[in-house]
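Here are some notes to read alongside the model, written as numbered points. Please keep the sequence and the 3D view open while going through them.

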Protein chains: 2
Amino acid sequence: MKATIATVKNHLEETVTIGAWLHNKRSSGKIAFLQLRDGTGFIQGVVVKSAVSEEVFEMAKSLTQETSLYVTGKVVEDNRSPLGYELQVSDLEVIHEAEDYPITPKEHGTEFLMDHRHLWLRSKRQHAIMKVRNEIIRSTYEFFNQEGFVKVDPPILTGASAEGTTELFHTKYFDEDAYLSQSGQLYMEAAAMALGRVFSFGPTFRAEKSKTRRHLIEFWMIEPEMAFIDHEESLKIQENYVSHVVQSVLENCKIELQTLERDTSKLENIKAPFPRITYDDAIQFLKDKGFDDIDWGDDFGAPHETAIAEAYDKPVFITHFPIEIKAFYMKPDPNNSKVALCADLIAPEGYGEIIGGSERIDDLELMKQRYDEHQLNGPAYEWYLQLRKYGSVPHSGFGLGLERTVAWITGTEHIRETIPFPRLLNRLYP
Amino acid sequence: MKATIATVKNHLEETVTIGAWLHNKRSSGKIAFLQLRDGTGFIQGVVVKSAVSEEVFEMAKSLTQETSLYVTGKVVEDNRSPLGYELQVSDLEVIHEAEDYPITPKEHGTEFLMDHRHLWLRSKRQHAIMKVRNEIIRSTYEFFNQEGFVKVDPPILTGASAEGTTELFHTKYFDEDAYLSQSGQLYMEAAAMALGRVFSFGPTFRAEKSKTRRHLIEFWMIEPEMAFIDHEESLKIQENYVSHVVQSVLENCKIELQTLERDTSKLENIKAPFPRITYDDAIQFLKDKGFDDIDWGDDFGAPHETAIAEAYDKPVFITHFPIEIKAFYMKPDPNNSKVALCADLIAPEGYGEIIGGSERIDDLELMKQRYDEHQLNGPAYEWYLQLRKYGSVPHSGFGLGLERTVAWITGTEHIRETIPFPRLLNRLYP
Ligand SMILES: [Mg+2]
Ligand SMILES: [Mg+2]
């Protein structure tokens, strides 16, 4: 019977055949232990010399790393392995012998691994990260579908951008100039006026010459936008969303978190509500901590975010930033027009900002004024202003960076490991 | 109590307040009927002069199209409306008055509507199409998650392409040249070797100067790729997938299909298995039908696809195309090396090809030969060949075009209405 490693649990004490690759092995004169992988998981195949033909035992001993094969064996319980099962091998059939697989169990340099990303993904750690990424995506759809959101795909190719064109990739669009979107937000606002609550999930692009462990050139964002939802209601949706994702990963990625040696006690606590601190208080907090490189009106850098995050064991909302350091479309606080009805959500353990969000300006005159102040114009903004002209309503939205969220939940230090094929300043391959 | 139109069913005989827009209205001296929308649906609000204050009744009569407002009223059953409920209005509060909304209930030209796409999305028909699109996406994730697939996001920016660069958008990637992906397939093959069964859902780009009702410049594809799955098994997964999507839409988009006046009897029948016809038999069939513009070795045009589709009441697989007219990576049929283990899935009712798929070449030498024949090279292919060098396995995959599928299921003639913000030859706005 054909099976996969993920489904052997349904075949206890039965004999199954699995298409797999040899991940690793060790053997003695009488027994060979095959570490097998098939994409759905990892399992140990035990080949006992006395239980198989001489040919099969010799084959088992000579198998090279990443050779593909069909493995037939009986599924038995094995409480020492994360999976809980192993295979008592009765037969092996090689599909294709791999020679000199470049990524051996020894240590490799980062550039070497990145050059072989198409193969590196087969490693236990990268496999686990991709499975957690998948669960974050799956539970994202689950959450927004349950809450009545409609998935909307904003365009990638746009005639102009929300916030200037300096960090945008340019392409000729037949006779016109086009840019790759770095946020679908403006379009999502239009969609929210048509569909109520919407969310996007797609790639965004930033042609930024920065080289940090938190930045990718091409990254995926989830951008919900909600009509008739104010800043306060938006924060509740954000904390419920992030809680749902973290709890889903804990529930459905137990083996992967174990592989990643993630301290899950730090994740179990991630349940709404999340703590909040105003920008004003955060500045004071940092000054009290001895930071002398930040003043009211400055944006936070990574060390500031980390210091604030360390004061909490959950993600923390920093709210009410100064208008000047935030996007032009954020709504001013009616009680203090110097600050915006906005929040950044900072992940614990130094993983930085994972969400930025705000209530949006819904007043046509104020939005026009902002355009003037920010010296924004061009035909692409006409339609955005029209959203304030024809039945404007209070509305809010936010953007979550998928890869930073994967980095946090998996405990991965560098963001390049959180996306299948990372695009970095000097990396467009593979 | 705050509610949405989608949730009034939980508040029968209760008084609720809904944030909404005025979609349309008619009134007489004693009664006003307000067609209200809030993104989650459409509902009729009935304002009876004798039941409300004079101020509220006058307000109701003077409301302009797309004015935003809070409507308070009692939820009652109304079997004449698709929703099944209406609102007996007791109070109205205008949020923002819309003046001279450009899209009136009268007929508008296509270019005018496309120029106002950000507002056109609010119309009943466009709203319904977007909701069906959402359900297709939702049920796609549901299907592949259930079947153990991992969502993988292949890169959009690539150093080179699968099939030449003539129809690709180009951008400078710092000092390098990059192109926008028109298929993630090669990357998905690498991912399948790491994760077993994977699927992508993301934007793809074709800089094609064609102007047909079936083509978009920017469109979304679902690209599954499966290790240890042969052509025959892949066809089964394809027909199960498409069946699942169609049945999900029938189940969860009843109101929208009614709005679209879709003949649902044509959709109810869409259940696996789907009929199959070989390319050879399809050519013969067309000749018998009197087509004299096609011979063995030619690819099908839209009229040919439509003629073949008309012979069936389900989507039909056309299998075993000549190697020459298909992609270089398709595996030849071991019984006839002139044709490939491939299939196109043609939607019924003249909506054309929605899936293309095949088993992939897994032999390194044959793949190298194909590279030579197609004169493909460049560093980006090195890693693709390595997938055949290190533990090659039989594997198959396919790509479904989301917008064509939306067009078919919603019964929409032109593909420009199937995506929120279409990108066409002369259309980069809004
Ligand atoms: Mg920040
Ligand atoms: Mg075709």
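1. In this predicted model, A:Lys266 counts as partly exposed, with a relative accessibility of 41%, and its side chain meets that of A:Asp263 in a salt bridge with an N to O distance of 3.4 Å. A:Asp263 also counts as partly exposed, at 36% relative accessibility.

2. In chain B, the side chains of B:Glu66 and B:Arg122 form a salt bridge at 2.9 Å, N to O. B:Glu66 sits in the loop between α1 (54-62) and β5 (68-77), while B:Arg122 sits in the loop between α3 (117-120) and α4 (124-146), so the pair ties together parts of chain B that are 56 residues apart in sequence. Both B:Glu66 and B:Arg122 are buried.

3. Another salt bridge of chain B joins the side chains of B:Glu111 and B:Arg427, again at 2.9 Å, N to O. This pair links distant parts of the chain, since B:Glu111 belongs to helix α2 (residues 110-115) and B:Arg427 to the segment after α13 (402-410), 316 residues apart. B:Glu111 counts as exposed at 52% relative accessibility, whereas B:Arg427 counts as buried at 6%.

4. Over all chains, the structure holds 54 salt bridges. Residues of both chains also take part in a network of salt bridges, which links A:Arg133, A:Glu403, B:Lys151 and B:Asp153.

5. Finally, which residues are the protein donors of the magnesium ion (ligand 1)? They are A:Asp344, through OD, and A:Glu353, through OE, lying 2.4 to 2.8 Å from the ion. A:Asp344 is buried, with a relative accessible area of 4%, whereas A:Glu353 is partly exposed, with 24%.

Methods: Residues numbered from 1 in each chain as written. Chains lettered and ligands numbered in written order. Predicted model: local features only at pLDDT ≥ 70, side-chain atom pairs only at ≥ 80, totals over all residues. Heavy atoms only, no water. Donors = N, O, S within 2.8 Å, 3.2 Å for Na, K, Ca; no water. Buried < 20%, exposed > 50% of the residue type's maximum accessible area, 1.4 Å probe, protein only. Salt bridge = Lys/Arg side-chain N within 4 Å of Asp/Glu carboxyl O. Helix = DSSP H or I, 4+ residues; strand = E, 2+ residues; numbered from the N terminus.
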